Amino acid sequence: MAHIRALSTAVAIGGLVALGSAPAAAQTAEVLHYWTSGGEARAVAALQQEFEAAGGTWIDSPVAGGGGDAQATVLRARVLAGDPPTAVQIKGPNIQDWAAEGALANLDEVAAAEGWDEILPPLLRDIVTYEGHYVAVPVNIHRVNWLWVNPALLEQAGVAVPTTWDEFNAAADALLAAGITPLAHGGQPWQDATVFETVVLGLGGADFYRQALVDLDPDALTSDTMIAVFEQMRRLSGYVDPNFPGREWNLATRMVMNGEAAMQIMGDWAKGEFAAAELQPGSDYLCVPTPGAAGYILNSDSFAFFKVEGEDRIAGQRLLASLILGTDFQETFNLFKGSIPARNDVPPDAFDACAVRSMDDLAQAVAADSLVPSMAHEIAIGRAARGAFLDVVTEHFNSDMTAEEAVERLVEEVELAQ
Ligand code: GAL
């Protein structure tokens, strides 16, 4: 035990704290997350049950509000107050930022014991390691650029599933003429940004997406392509219902389920809602990639473990970290969540056609270099630059701002955010 204590002390001095290897009697985890919708709640309940079945004591700390911006505010306040949660659902550059602060526990011991190097794809390893150390554990792979379709409503309007944005606009005009709301949407910045990034990919392709939303290249941000993106966003703002402002994303999904709207542009956490309602893909609803150029906008959820006091909490962190990438749990959780497993060796047999399409399209996107990180869901860029996009996209969507004005505002705000 002395060498473990010495290692822990050494690593603590280095800013990262190694988790104790011998769990104490109690294993407690207070978990901060924002998974409160139907599908999300089922998924996080599966993790809680797995943790409690292994002897853990789970303290649930949900923060309602899809997309996680409300939870991020709570997390910052708690850490500043010296009261960090034991574990938090977090992702992308936010993990790197907290690790750079020295705030996160070192998971290398658990990673070695569970073989994470072998079972995680490189793209996820890069997200959850800092300076070569594991500081978070990924739980899934979500695809953002999906179109969720009520086939009965498209048939009623006599239109086909759109594969280009011009086809989308023509179908939406026909749906409007038939008295059907074309696009179910929740008017919140992260949801507007979700739609925006699918249009960036669809109209500009993966290379343009990276130039604009990853490299923040001013030429890309003010290009004719970006003007066309904002012109398409203007078209889309004419296809939503009058009550869209502030609507939670899962209530928009319910509109597609209930036949109140024909389509929703949303990540496949929406599939968790269809699954919770026991609806079947291919008949009750369709999942198709959003229109335009092929590609895969990736979002991945992880759990990170803040430095906390108390052997029971440190033991709880180790137990939770060791469960999340378990093969059986990876299947159970992702079936509920609408995502696909983070580990690369879970058989697809239990997954539906949408999930299998996601697995296949991910492999194709890796091969074709059309896999891109989500800006809206905090994988591509840090919070400040992301905030610039959310501000401008939302203001444009909710006003009569022209596309030309939008790109000028965008390049200014992105410049200020760096
Ligand atoms: C995303 C998150 C997903 C999903 C969605 C809606 O940012 O990664 O897991 O929950 O928000 O809340």
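Reader: Which residues come nearest to the ligand?
Author: The model is predicted, so local features need pLDDT of at least 70 and side-chain atom pairs pLDDT 80 or more, while totals for chains, interfaces and linings use all residues. Residues are numbered from 1 along each chain as its sequence is written, and side-chain values use heavy atoms, without hydrogens and water. Of the 14 residues around the ligand, the nearest are Glu40, Lys91, Asn299, Asp301 and Lys337.

Reader: How far is an oxygen atom of the ligand from an N or O atom in the side chain of Glu40?
Author: A polar contact is a pair of N or O atoms within 3.5 Å. For a polar backbone atom of Gly67, the distance to a ligand oxygen is 3.0 Å. For the side chain of Asn299 it is 2.8 Å. For the side chain of Glu40 it is 2.4 Å.

Reader: Between which domains does the ligand lie, and why?
Author: Domain bounds come from an automatic or database domain assignment. Both domains give residues to the shell around the ligand, so the ligand lies between domain 1 (2-142 + 299-357) and domain 2 (146-298 + 374-417).

Reader: How many residues does the contact take from each domain?
Author: The C-alpha centres of domain 1 and domain 2 are 29 Å apart. With contact meaning heavy atoms within 4.5 Å, domain 1 gives 31 residues and domain 2 gives 30 residues.

Definitions and conventions: A residue is near a molecule or strand if one of its heavy atoms lies within 4 Å of it. A polar contact is a pair of N or O atoms within 3.5 Å; within protein, one must be able to donate a hydrogen and the other to accept it, and residues adjacent in sequence count only if both atoms are side-chain atoms.
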